[in-house]
Amino acid sequence: MKSILAVAATAVAATVSLAACGAAGPGNSSPSRTGSNLVNGATFTYATSTDLGTLDPYLSPMNATSTFDSFLYGRLISLDAQGNAQPQLAQTWSTASTTKATFTLRPGITCSDGTPLKAGDVAADINFLAKPANKSPLLGQSVQPGTTATADDAAGTITVTSGKPEPFLVEALGSIPIVCKAGLDDPKLRAEGKAGTGPYKITEMVQGDHYTAELRTDYTWGPGNWTSTQGGVPSKVTARVVANPTTTANLLLAGQLNHAMVAGPEERRVAAQKLFSVSYQSPAEILFNQAGGRPAADLAVRTAIVQALDLPNIGKVLSATKGEPLRQLFQGATPNFCPGNTVEGNIPRTDVAAAQAALDKAGWVAGPDGVRAKNGKQLSFDLIYLNGPGQPTAAVELIQQQLKAIGVKLTPRLVDGPAAGNAISNDNWDMFLARLTVDTPYAFVPSFSGPSFPEGGQNFGSVRNITYEGLVAKAAKLPGRTGCDTWNEAESALIKNVDIVPFYAVDTPIYGKGATFSTAQFPWSIRMTAS
């Protein structure tokens, strides 16, 4: 399941995810116990800690939104936990190279409004996403600039020529949410979650409170042998906005939620109830805004910030001691196409004296209040973070204390998903405590290279890393996993340059009551149970 930042409706990569914001995120999962008798006709209700905002799958990059959108919009293929492609809307596919792929639709597919889905509709979706003028965060992630798609409606085939070599071409194109013609023609329908090709159709949307979708009983285009008539498939799905973790735990135990991330102080009492559970690891990273004029544009400043931090201890606080130091950005992802260790030895070690000396050398002088300044400007950072599993506020307070010790002023700002998107798209941030992950290494590239958001691109922090860009260009020519060594080398280059600081894998438990599910192929895995 993809998850990346969300942004002001069009801004941060829709496929890069904030696992802290939504339902199940990427990761391996093993149910702690099996469910009871399957129940038909029930409603599956899950908690999301942030409002979903727009439901437009082509403009909303939050994981919270993409989770709900996965019920409303089908994909051409579905990836299992091992990364194997399974038929969904497409029954077959083939690739001729890293730039050409063909998909053949299953026969008889209909949209949520009852109209037939044609191959030409899918081609039109891809061509829409490929145009920079449409400003979709999927551009550069699932669809490369310059990509073109043609269709044969009679044969049900879509032929795609990628504008750039895409080593994971089938996986990338196959992950695109497919919108029917009415939705592509009318953005308002997409924003309301309509004109979909998924197993559910939207029935209620109350922003800030809940979103509900109803099962399409005629739907037979799920992965593998999934059908809407299988036992335990929920008749409705509701995303309920619950920001307070204590309230979330209370609702779960009362049976008003069937799915909730529960971590930190609330987990002990929930775990004591021996509920169904799965878990996944969400990566915690620190990002810097390196736009011109900001202090983090200086590598020496970024390095000093990291040297001042006790990242292992911050990680323990963030995870409530449930996690481990990260080895790579994709740790815990399902599937993880390129496992490896890109973190060890590449992040500056904690050294407060070295951090202070570096800031002295860079001309940042401590003032009467202890805050450093240079040319009349204080060394201050605005740090945005989201509510979610673990103890993010406590972790941010620890970061604030440790930076204060070297003369850096940190102002924390707790935001919800849409506000995080607004901050990033409007370049209104300095540091970001994030939970980013994507499906493939190539999907990360626009977030750390190319134009920034103010320039019309998707580069979070205006990163300019020549080594990374060179390695990406090399890896992109190698199909699939054959380029993994180069992809991991590229990831290491980002970390060495303090462009991203991945420091902890937070073990995130997801509890279920009256339902079982998996983090892999999440919408299709849900089964309602008697207890």
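## Core and helix packing

Isoleucine 158 touches, leaving aside residues up to four places away in sequence, Ala101, Thr102, Phe103, Leu105, Ala119, Val122, Ala123, Ile126, Ala149, Thr150 and Ala151, where contact means heavy atoms within 4.5 Å. This is a predicted model in which local features need pLDDT of at least 70 and side-chain atom pairs count only at pLDDT 80 or more, while totals for chains, interfaces and linings use all residues. Residues are numbered from 1 along each chain as its sequence is written, and side-chain values use heavy atoms, with hydrogens and water left out.

Ile158, together with Phe68 and Phe448, touches the most other members of the largest nonpolar core, which has 141 residues; such a core is a set of buried (under 20% relative accessible area, 1.4 Å probe, protein chains only) Ala, Val, Leu, Ile, Met, Phe, Trp, Tyr and Cys residues joined through side-chain atoms within 4.5 Å. Strand 14 (residues 276-288) gives the most to this core, with seven residues, strands being DSSP E runs of at least two residues and helices H or I runs of at least four.

Two helix pairs are set out below, with axes fitted to C-alpha atoms over the stretch in contact and angles running from 0 to 180 degrees between N-to-C directions.

| Helix pair | Axis distance | Angle |
|---|---|---|
| Helix 9 (residues 311-319) and helix 11 (residues 392-404) | within 7 Å | roughly 155° |
| Helix 8 (residues 299-308) and helix 10 (residues 352-361) | 8 Å | about 155° |

Helix 9 and helix 11 are therefore roughly antiparallel, a term for angles over 145 degrees, and helix 8 is likewise roughly antiparallel to helix 10.

Definitions and conventions
Buried < 20%, exposed > 50% of the residue type's maximum accessible area, 1.4 Å probe, protein only. Parallel < 35°, antiparallel > 145°, perpendicular 65-115°, else oblique.
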